[in-house]
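Here is a short briefing to read alongside the structure. Have a look at the fold, and then we can go through it topic by topic.

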Amino acid sequence: MNITDHESSEKFDFARHEQAAVADYLRVVGFYADLAGAAKRIADEALKRRQIRVHSIEARAKDPGRFGRKAAKPSKNDPNRPMYPRPLEQITDQAAIRIITFFPRTIAEIDEMLREEFSVIEHFDKGESLIEEERFGFQSVHYLVTINSVRTSLPEYERFETAKVEVQVRTILQHSWAEIEHDIQYKSSATIPRDIKRRFMSLAGLLEIAAREFQAIQDADRDLTTRAADLIS
């Protein structure tokens with residue numbers, strides 16, 4: 001048996017890998033908490049300047065325990081190896097902000113804001129991946145961004161020059177669904193009993209209708225206000 005064969009036959013120590021990842025992350029978690037706070041301030045100020053009303057903006061550095069568990073996830077290609085052999089380099093949600101809106105249409109306005117205020121590295125619609133993974137849920141939009149070069153040229157942002165921030169954008173209904181779905185922990189359609197599956201699908205449809213109706217009500221209200229202002233003029 002050559003060295004390569006011997007190494008591949010050895011069982012990987014996932015517990016040790018998790019412990020090492022947590023130890024490494026604890027040395028930098030303060031930096032990522034500061035980064036998330038800075039990204040939240042930038043987004044909050046930008047939304048106010050544009051008069052974009054949102055429900056809330058949340059910021060967080062990843063919990064060390066969650067970081068360790070994510071670092072120790074088995075690779076999909078090789079279950080005997082970790083998905084993240086270099087966790088600090090490869091896990092990109094160490095700092096994150098979440099913007100929760102009232103209405104679906106606001107998501108497009110936030111997209112424009114993010115592209116102007118940050119450097120967008122990745123952008124994907126979670127709804128598409130949910131369909132591919134046969135999971136039930138509401139779509140949310142995810143971004144991977146860095147603070148743009150205009151800001152990182154300033155002393156207060158210089159240390160964040162290449163650091164990545166995950167940004168999630170959801171409506172309040174999408175957020176409610178995600179929190180409930182996470183709590184129930186039915187992730188794969190193969191493990192969901194048929195009656196529960198039907199109820200998930202029915203609820204997803206009802207929430208979709210509710211989101212459209214809330215948006216339609218907002219549009220109708222704006223139209224009414226505009227017509228009333230025109231009549232007064």
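Is Asp 24 buried, partly exposed or exposed? Asp 24 has a relative accessibility of 30%, so it counts as partly exposed. Please keep in mind that this is a predicted model. The points below cover the salt bridges, the sheet and the nonpolar cores.

**Salt bridges**

- The count of salt bridges comes to 13.
- Asp 24 pairs with Arg 27, and their closest N and O atoms lie 2.4 Å apart.
- Arg 27 counts as exposed because its relative accessible area is 64%, and the cut-off for exposed is over 50%.
- Arg 50 forms a salt bridge with Glu 116, again with 2.4 Å between the closest N and O atoms.
- This pair ties together distant parts of the chain, 66 residues apart: Arg 50 sits in the loop between helix 3 and strand 1, and Glu 116 in helix 6.
- Arg 50 is partly exposed at 28% relative accessible area, and Glu 116 is partly exposed at 45%.
- Both residues belong to a network of salt bridges that links Arg 49, Arg 50, Glu 116, Glu 117 and Arg 151.
- Glu 89 forms a salt bridge with Arg 86, where the closest N and O atoms are 3.1 Å apart.
- Glu 89 is exposed, at 59% relative accessibility, whereas Arg 86 is partly exposed, at 44%.

- Five strands make an open sheet with mixed pairing, in the order 1-2-5-4-3.
- Strand 1 (56–61) and strand 3 (118–125) are the edge strands, each pairing on one side only.
- From one strand to the next, the twist averages 20 degrees.
- Strand 1 and strand 2 run antiparallel and are joined by six bridges.
- Ala 61 stands opposite Ala 95 in strand 2.
- Helix 3 packs on the sheet and touches strand 1, strand 2, strand 3, strand 4 and strand 5. The direction of helix 3 makes about 165 degrees with that of strand 1.

**Nonpolar cores**

- The largest nonpolar core has 36 residues, and Ile 99 and Ile 110 touch the most other members.
- Elements that each supply at least two residues of this core include helix 2 (14–26), helix 6 (106–117), strand 2 (95–101) and strand 5 (165–171).
- Helix 3 provides the largest share of this core, nine residues.
- Leaving aside residues up to four places away in sequence, Ile 99 touches Ala 43, Leu 47, Ile 110, Met 113 and Val 167, among others.
- A second, separate core has five residues, including Leu 173, Trp 177, Leu 207 and Ala 211.

Terms used: Residues are numbered from 1 along each chain as its sequence is written. This is a predicted model: local features need pLDDT of at least 70, side-chain atom pairs count only at pLDDT 80 or more; totals for chains, interfaces and linings use all residues. Side-chain values use heavy atoms; hydrogens and water are left out. A nonpolar core is a set of buried Ala, Val, Leu, Ile, Met, Phe, Trp, Tyr and Cys residues joined through side-chain atoms within 4.5 Å. Buried means under 20% relative accessible area, exposed over 50%, partly exposed in between (1.4 Å probe, protein chains only). Helices (H or I, at least four residues) and strands (E, at least two) are DSSP runs, numbered from the N terminus. Contact means heavy atoms within 4.5 Å. Two strands pair if DSSP finds at least two bridges between them. Axes are lines fitted to C-alpha atoms, for helices over the stretch in contact, and angles run from 0 to 180 degrees between N-to-C directions. A salt bridge is a side-chain nitrogen of Lys or Arg within 4 Å of a carboxyl oxygen of Asp or Glu.
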